[in-house]
Amino acid sequence: MHLEYTVVEGDFVNAGTASSSVKKALKQLNVSPQVVKRVVVALYEAEVNAIAHAYGGKVLVDIDSDKIKMVVADKGPGIPDIALAMQEGYSTARPEVRDMGFGAGMGLPNMQKNVDKLNVSSEVGVGTTVEMVVNFV
Amino acid sequence: MENPMTFYHAIEIDDSQCIGCSRCLRICPTEAIRIRNGKAYIQENRCIDCGKCHEICSVKAIYVKQDDFENVFKYEHSVALLPSVFLSQFQQDVRVSRIYAALKDIGFRHVFEVESAAAIYAEAKHRYAKDNLDKEPLISSFCPAIVRLIQIKYPALVDNVMPIRVPLDISAMYALKNLMDQGIPRESIGLFYITPCAAKIAAVKAPVGEEKSIIDGVINMDSLYNRVLKKIKEQGKNYIFPSLRTPRLSADAILSTLTNGERRICLAKRSYAIDGIENVMDFLDRLENDEVEGVEFLELRACDQSCAGALFSCDNRFLCGERMYARARKAAERERNGEMPRDKEMDSCKEYLIGNSIVDPVKPRSMMILDSDRSKALEKMEKIVQLKELLPKIDCGVCGAPTCEAFATDVVCGKTCLEECLFYQRHQESLGKMTIADSLEKMKSIWGEDRIKDQEK
């Protein structure tokens, strides 16, 4: 099962469109509520990151019977030091983004916490791709 | 234990009355209704007894089963378990003691006001909350339509629902104990709940988290209102009614069934009171996504203005609500003057009632699962996505399902076939794969033989 969504830069109002739709699909597949929650939290964080930091991007989701793979690929400034970005509380969010309640530096750590596999690749000035896998157990 | 296969519903559709107008089809919040043979029918595993369909039905074909009033006379000690909202149905010049007298005259030997148990219910919730901080946000068990909504649509949140008996059950336990302590045998006591809505009937007939309710019968509030008002009119203005001791509920108790009634006295640092089922669903969607954090308590009610706007409320929801506020303001004034509310009576067996207030945890009953076999469910999901592409996506409802998506799901689950979509029919006709006669047959199977009229005649 393949699903695709588009993320628009700065469109915080629609943050969560992909994660809500994925949530519905997983419920229909009888995935346990605990796992659904982890998927939704991780994907929501990734969506918000793409909205807040990049110039938009795409969410690609593949679901099979034992796992879900989510790729959030954005066009944006990229992350110069991924290890640093993975630290809790580290944030490069603009003040206006923080004023909206986002950008607390918990995005990537929160994704890490909720998924079984996380892979972040980035090229400065080009964009960032976050790949996440959650197993259904 | 509640059996998922036999799920009791209070709401039924009378085929002889239903004209298949499809209003209910469109309004049902859980998409439980379909049209077949020109009549609406309810898919039982999706219905939460909220009563939206009953409210909108133009020909009163959707009805709510209640027990025969004659049953009241079968018991020597018949008890009316009365919700406070019942009293708010009457104009303010009808005194509470007059209504109580009329209730006795029409056959109830005892009257217990359900909200007398509001303080005990609040205390039981406080104690539960203290021991279950890990389950926050805790969701009130008060509204049975909401509990059922969570079971079928938000299974991830079932553990957040407090498994605590509501004031109705607590007051029933109290009434029973009170009468039996006086030496009255159980078999001569009949407990009748006067219900403001259909969901409460379902909750009595098929309680969530317990085997069987102790309540012997349910009477719809609107039908009792008619009986009581008729009695009062018959007796006339000059009737001297016996002076009865009526319960003087506390202001908190009177307001407890209205929106914010629980929230205003809960001990949570952050809480929300949300009424109206669409508002509740919008909030629960966000809650499930972890978009709302730090909430400790949620009071959720299916009806706009909570029980003042309940299905069997006979008057405008705001007028009823204000009458309840008027009664609460009087009670608050008495309390300020140092007069004790009489609902403290229950305090004598408070520990007994609280001790018996916990029920089994609420279990999920998800209606969303496509197939218990995940690979099959995945296949079905793929098919639904493909089908949706073929459908017009205008949710016209001509197929007898509320939305194109619901229709696609029904097709994939074998409940209907693609040829029932009007747009698909036209397309098939253009390809010569269906004849106009075929299409007409399909239309008749959904909307009934008589719906397609012969214009020439």
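**View 1. Where domain 1 of chain B meets domain 3 of chain B.** In this predicted model, eleven residues of domain 1 of chain B are in contact with ten residues of domain 3 of chain B (contact: C-beta atoms, placed from the backbone, lie within 7 Å). On the domain 1 side, helix H1 (23–27) and strand E2 (33–36) of chain B are the elements giving two or more residues; helices (H or I, at least four residues) and strands (E, at least two) are DSSP runs, numbered from the N terminus. E2(B) has the largest share of that side, with three residues. By type, the side splits into three nonpolar, four polar and four charged residues (Ala, Val, Leu, Ile, Met, Phe, Trp, Tyr, Cys and Pro count as nonpolar, Asp, Glu, Lys and Arg as charged, and the others, Gly among them, as polar).

**View 2. The domains of chain B.** Chain B is assigned domain 1 (11–64), domain 2 (69–132 + 151–255 + 304–355) and domain 3 (374–451), with bounds from an automatic or database domain assignment. Taken over C-alpha atoms, the centres of domains 1 and 3 of chain B are 21 Å apart.

**View 3. An open, parallel sheet in chain B.** Three strands line up as E7-E11-E10 (chain B), with parallel pairing (a pair needs at least two DSSP bridges).

**View 4. E7(B) alongside E11(B).** Two bridges link E7(B) to the parallel strand E11 (residues 297–301) of chain B. Ile139(B) has Leu298(B) of E11(B) as its bridge partner.

**Notes.** Residues are numbered from 1 along each chain as its sequence is written, while chains are lettered from A and ligands numbered from 1 in the order written. Since this is a predicted model, local features need pLDDT of at least 70 and side-chain atom pairs count only at pLDDT 80 or more, while totals for chains, interfaces and linings use all residues.

Technical notes
Contact = placed C-beta atoms within 7 Å.
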